[in-house]
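Hi,

Here is the structure I promised to send over.

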Amino acid sequence: MSHIIATFFYIGHLRPAPGSWGSLAALISGAAVINGAGLIGLCIGIFLACLLGYWATARETAGKSDHDPSEIVIDEVAGQWMALLPLAIWPLAFDSAAFYYLFGFVAFRLFDITKPGLVGWADRLVGPLGVMLDDIIAGVMVALAMALVMVAL
């Protein structure tokens, strides 16, 4: 069960760029959650992704030298869903929402890959906390940026 969760139903085994595949799967499933269950559903999903993701990552990395294997993408799911929070708070018409979903995906991947500031600090933490926390922080940063753009436009 931990492997299914950590790889987000085996999406983490897709190549190349499993993190991008995980983020894309999170974007699609996050949009479905927002459309079906709204803000409360997305918040529950984020909570479960963080909680179960920490547990699954700890199980999958226990006793291994690689503390952040590329196939573990539940951290991308938690972070990408976090980045989508403004879309659950302020529902938009389809054409506007499509722009922001794309914005959220691209910005999250950019922050996750470049690891600016606190994202890089969290990435350097060893263990499941570091694996999960860098993506959660990146997601919060993207959510804030998206909210600023939404308010400005």
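Tyr10 is found in the loop between α1 and α2; helices here are DSSP runs of H or I with at least four residues, strands are runs of E with at least two, and both are numbered from the N terminus. The phi of Tyr10 is near 75°, a positive value in a residue other than glycine. With 45% relative accessibility, Tyr10 counts as partly exposed, where buried means under 20% relative accessible area, exposed means over 50% and partly exposed is in between (1.4 Å probe, protein chains only). Pro16 lies in that loop between α1 and α2 as well, and a cis peptide bond with omega of about -5° joins Arg15 and Pro16. For background, most residues other than glycine have a negative phi, and most peptide bonds are trans.

Before you go further, please keep in mind that this is a predicted model, in which local features need pLDDT of at least 70 and side-chain atom pairs count only at pLDDT 80 or more, while totals for chains, interfaces and linings use all residues. Residues are numbered from 1 along each chain as its sequence is written, and side-chain values use heavy atoms, with hydrogens and water left out.

Leu84 sits in the loop between α3 and α4 and is buried, at 0% relative accessibility. Not counting residues up to four places away in sequence, Leu84 touches Ala26, Leu27, Gly30, Ala31, Ile34, Leu42 and Tyr101; contact means heavy atoms within 4.5 Å.

How do α2 and α5 pack? Their angle is about 150°, with the axes 11 Å apart; axes are lines fitted to C-alpha atoms, for helices over the stretch in contact, and angles run from 0 to 180 degrees between N-to-C directions. On the α2 side, Gly19, Ser20, Ser23, Leu24, Leu27, Ala31 and Ile34 meet Tyr101, Phe105, Phe108 and Arg109 in α5.

Ser23, in helix α2, is buried at 0% relative accessibility. Leaving aside neighbours within four places in sequence, Ser23 is in contact with Glu76, Gln80, Phe105, Phe108 and Arg109.

Asp134 is found in helix α7 and is buried, with a relative accessible area of 1%. The side chain of Asp134 makes a polar contact with the side chain of Lys115 (3.0 Å); such a contact is a pair of N or O atoms within 3.5 Å, and within protein one must be able to donate a hydrogen and the other to accept it, with residues adjacent in sequence counting only if both atoms are side-chain atoms. Lys115 lies in the loop between α5 and α6 (118-123) and is partly exposed, with a relative accessible area of 23%. The phi of Lys115 is near 55°, a positive value in a residue other than glycine.

Best wishes
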